[in-house]
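Open the model in your viewer and keep the selection tool at hand. Each stop tells you what to pick and what is there.

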Amino acid sequence: MALEVRRRLFKILMRFGAIILTRFPFWNCFSMLMLFAERADQRRMYSRTIAVIGGFLILASGAGEVYRQKPRTRSLQSTGQVFLGINLICVAYSLQHSQEDRLAYLNHIIGGEITLQLLFVLYAVLALSFLSGYCVRTAAQILSVLMPLVVLFIDSNVGYWHHSCRIEFWNQMKLLGQNVGVFGAAIILATDC
């Protein structure tokens, strides 16, 4: 009887420790993002941070591991996919409502407004795929082709973001790095069997 009580106590303590380890660093990350950021920048920072967290959840689920020692955790993978979907919804929203993001894309795409609207539809469909869990592998393959282009042409245009939009250099570098993390999560999902 005493052994059973002790096991339950240790199980409760382990769950409490997991809650502390997983919840408080995220709060610290979100609260630190608000420093020195304007309202339009906060949306970009929050959505990409959520996407990177989703990428880590996908990685922790065992996706992409060829030689698995333990069975996959589907709940972690589906939660990570939802986080990626939230980021894609925010990107689609910014293409419609953020003048800075619209201009960044319009400066680098051929076809102007029509291509921008097609990108909006593409991001929205990819987001719905990640949120619903259907055709995730195909959506991840499309995203893994799209993300390097976005990183190279949109996020790497530091001159535009710094001089035109007044985003600090290191903040833009952080956003660029987070998009590389989203690209990594897309590759893991795209190549997962």
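The tour below moves through a predicted model, stop by stop.

**Stop 1: salt bridges**

Select Arg 44 and Asp 101. They form a salt bridge, with the closest N and O atoms 3.9 Å apart. The pair links distant parts of the chain: Arg 44 sits in helix H2 (residues 39-60) and Asp 101 in helix H4 (residues 99-106), 57 residues apart.

Are these two residues buried or exposed? Arg 44 is buried, because its relative accessible area is 6%, under the 20% cut-off. Asp 101 is buried too, at 8%.

Asp 155 belongs to helix H6 and Arg 44 to helix H2, 111 residues apart. Both Asp 155 and Arg 44 are buried.

Arg 44, Arg 48, Asp 101 and Asp 155 are linked in a network of salt bridges. How many salt bridges does a search of the whole structure find? The search finds 4.

Next, select Glu 113 and Arg 102. Their side chains meet in a salt bridge, 2.6 Å from N to O. Glu 113 is in helix H5 and Arg 102 in helix H4, so the pair ties together parts 11 residues apart in sequence. Glu 113 is partly exposed, with a relative accessible area of 36%. Arg 102 counts as buried, at 14%.

**Stop 2: a nonpolar patch**

Show the surface and select Val 82, Ile 86, Ile 89, Leu 128 and Leu 131. These residues form a nonpolar patch there, with about 370 Å² of accessible area together. Helix H3 (74-97) and helix H5 (113-132) each supply at least two of the patch residues. The largest share, 3 residues, comes from H3.

Pick out Ile 89, which lies in helix H3. Ile 89 is partly exposed, at 40% relative accessible area.

**Stop 3: Gln 81**

Stay in helix H3 and select Gln 81. Gln 81 counts as buried, at 8% relative accessibility. Its C-alpha atom is 6.5 Å from that of Leu 131, which is 50 residues away along the chain. Leaving aside residues up to four places away in sequence, Gln 81 touches Ile 58, Phe 130, Gly 133, Val 136 and Leu 189.

**Stop 4: Cys 135**

Finish in the loop between H5 and helix H6 (136-155), where Cys 135 is found. Cys 135 counts as exposed, at 59% relative accessibility. Check the backbone: phi of Cys 135 is near 55°, a positive value in a residue other than glycine. Most residues other than glycine have a negative phi.

Note on methods: Residues numbered from 1 in each chain as written. Predicted model: local features only at pLDDT ≥ 70, side-chain atom pairs only at ≥ 80, totals over all residues. Heavy atoms only, no water. Patch = residues over 30% accessible without salt bridge, like charges linked within 9 Å, V, L, I, M, F, W, Y side chains within 5 Å. Areas by Shrake-Rupley, 256 points an atom, 1.4 Å probe, with all protein chains shown as cover. Helix = DSSP H or I, 4+ residues; strand = E, 2+ residues; numbered from the N terminus. Buried < 20%, exposed > 50% of the residue type's maximum accessible area, 1.4 Å probe, protein only. Contact = heavy atoms within 4.5 Å.
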